[in-house]
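Here are a few notes from my pass over this model. Keep the structure open next to you while you read.

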Amino acid sequence: MKDEKYTPLPRRPIGLDREELKKRTVTAPDGQTFEVDPIRDYYCQDAPKAHQRSYIKIVEDFFNWCRAESLWILGYGTGCGAIEMRPLMTPRFDAYRYGIQWRPTPRQANLLMISGYLSVKTLKRAIRSYEQMQNPKYVVGLGSCTINGGMYWDSYNTIKKLDEYLPVDLYIAGCMPRPEALLAGFEDLKKIIKAGGGEGANKYAENFEWYKANQKSVIKDWDMPDYNW
Amino acid sequence: MSFEWIQIPYALLTLLIVFVYGVFMTTIIRKMGARAGGRYGIRLYQTFVDLAKNYALRSHISHGIMFYLGPVFRLTGGVGLILFVPTIYGSVMHQNFAFAGDLVLALYFVFFGTLGMALGAGESGHPYSAVGITRGLSQMTAAELPFVLAVFAVSLQYQTLSITEIVAAQQGGFLSWTLFTNPIAVVAAMIGFLGTMMRSPFDVFLAPQEIPIGPPTEFHSAYLALMQTNRILFPIAKIVIYMNLFFGGATNWPVFFLKVFLIYLVSALVGVVFPRFRVEQSIRFFLIWGLPLGILSILIV
Ligand code: SF4
């Protein structure tokens, strides 16, 4: 070897500067060439809109009743609290009889359970999942970690107040809350929705800048468009 | 076939009855699945609420024209199947638009929805959709084979392509049902039936319990609701064909309800008892057990 001097590897670019997110020209197998701009082409660029309620009150009330009685949870666990959600599907607690079901894709779910502490890395995924869900959608924070940081209060890598990053409808306190507490929490959430209070998605759309600023202040490695749906 | 305008409201009435019945039957079958697992299961009106909620969601995202048309095609398959097959034999009201060659049309409709769905899900661009579609189509094709062969056997046996005439030939005691006059065809068809009902052990392309849920991954709100409506109508429509071809048809609604429920129960029972096949296993199953039976039934006729 001619040059024995050690040269450190160049630092990998992070965030939107990453190689795979750059605009590039691709040659297809059939010889065509075209430009790909991953951030623009693979996502929709529009900011979220606040959606109107229906104008007739009784219709909206009926819809709210339906939404409350058919809560589809996105089966996505972030922290230790997730382990208390699983028993809800089993014969012992059986949440299905309260109209609560699990969906495997954010497109079809309308309740996002943040089950415990959120590391910054997971927060990014939680935001993406939340934004892919359809309006109206609800967020429930599980455990004291989502309320004020809980026992991860002085951790270097977890967020403290979930409310600053996503519009939370309901917190279920405890470390960790038992499945009974979850069931009680779902019943409370139903009451909120039936009373017309489940407008988190509109709140998110109206205060979009504030939420984004908060999110970007903790997520340093921001490698997605501002709103992904 | 003579056409009269009054047939249209009659057919819509049939559709409505089948829909309401289908909602409750689907719910009860799901409840039975839950009971088999030791759970109490969903509430009786849950399916209605889910449907209403999905229709009522405020935002939709489209991935292109075929994405719209996929669920629409699928629903067309289910509704068309019901409209062109005589639901109640001998009833003017619920004869629908049955005509001389309706068996061929019915076979076409059975596959039509799946193809529409394949195009729609393909356009959504989600990799799980593509995987689900590939698995689903190959499995469906293998499962259709014994069914189609059995249908040929039956239509050869009765020398007609009209479902009404096939039903007519089976009247007069249950010993004249195809089930007893041509049992091999019925067994072959029932094997195909299990394969197309999207239930365990043949539901790997949907895999409803795992993370990827196959073709409908990207479908949401009203699109999903259309597909749910079809999930309610389509199995019944298919069962109506089976009932007409193999189990003597139905002459009034109570008999119809009972027979449809029992035939559905076959697939539900098998689904509760057996774990899931992988795609290549299920295709092998259909080719080894279904196909020879189908050919045999034609040879015997
Ligand atoms: S609240 Fe307790 S149980 Fe829940 S995530 Fe935090 S530390 Fe874990």
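1. Let's start with the ligand. This is a predicted model, and in it the residues around the ligand come from chain A: A:Cys80, A:Gly116, A:Tyr117, A:Gly143, A:Ser144, A:Cys145, A:Met151, A:Tyr152, A:Gly174, A:Cys175 and A:Met176.

2. What does that shell look like by class? Around the ligand there are 7 nonpolar and 4 polar residues, with no charged ones.

3. Now the interface. On the chain B side, 34 residues are in contact with 34 residues of chain A. The two chains bury about 2,700 Å² between them, and 55% of that is on carbon and sulfur atoms. Within chain B, the most area is lost to chain A by B:Arg39, B:Lys53 and B:Arg58, which together make up 28% of what that side buries.

4. How many salt bridges link chain B and chain A? The count is 4. One to look up on screen joins the side chains of A:Glu60 and B:Arg58, at 3.0 Å from N to O. B:Arg58 also belongs to the trio in chain B that loses the most area to chain A.

5. As for polar contacts, there are 11 residue pairs between chain B and chain A, both residues being at pLDDT 80 or more. On the side of chain B that touches chain A, helix H2 (46-56) and helix H9 (221-246) each supply at least two residues. H2(B) gives the largest share, 7 residues. By class, that side has 14 nonpolar, 12 polar and 8 charged residues.

Note on methods: Residues numbered from 1 in each chain as written. Chains lettered and ligands numbered in written order. Predicted model: local features only at pLDDT ≥ 70, side-chain atom pairs only at ≥ 80, totals over all residues. Heavy atoms only, no water. Near = heavy atom within 4 Å. Nonpolar A, V, L, I, M, F, W, Y, C, P; charged D, E, K, R; others polar. Contact = heavy atoms within 4.5 Å. Buried area = accessible area lost by both parts, 1.4 Å probe. Polar contact = N/O pair within 3.5 Å; in protein donor to acceptor, adjacent residues only side chain to side chain. Helix = DSSP H or I, 4+ residues; strand = E, 2+ residues; numbered from the N terminus.
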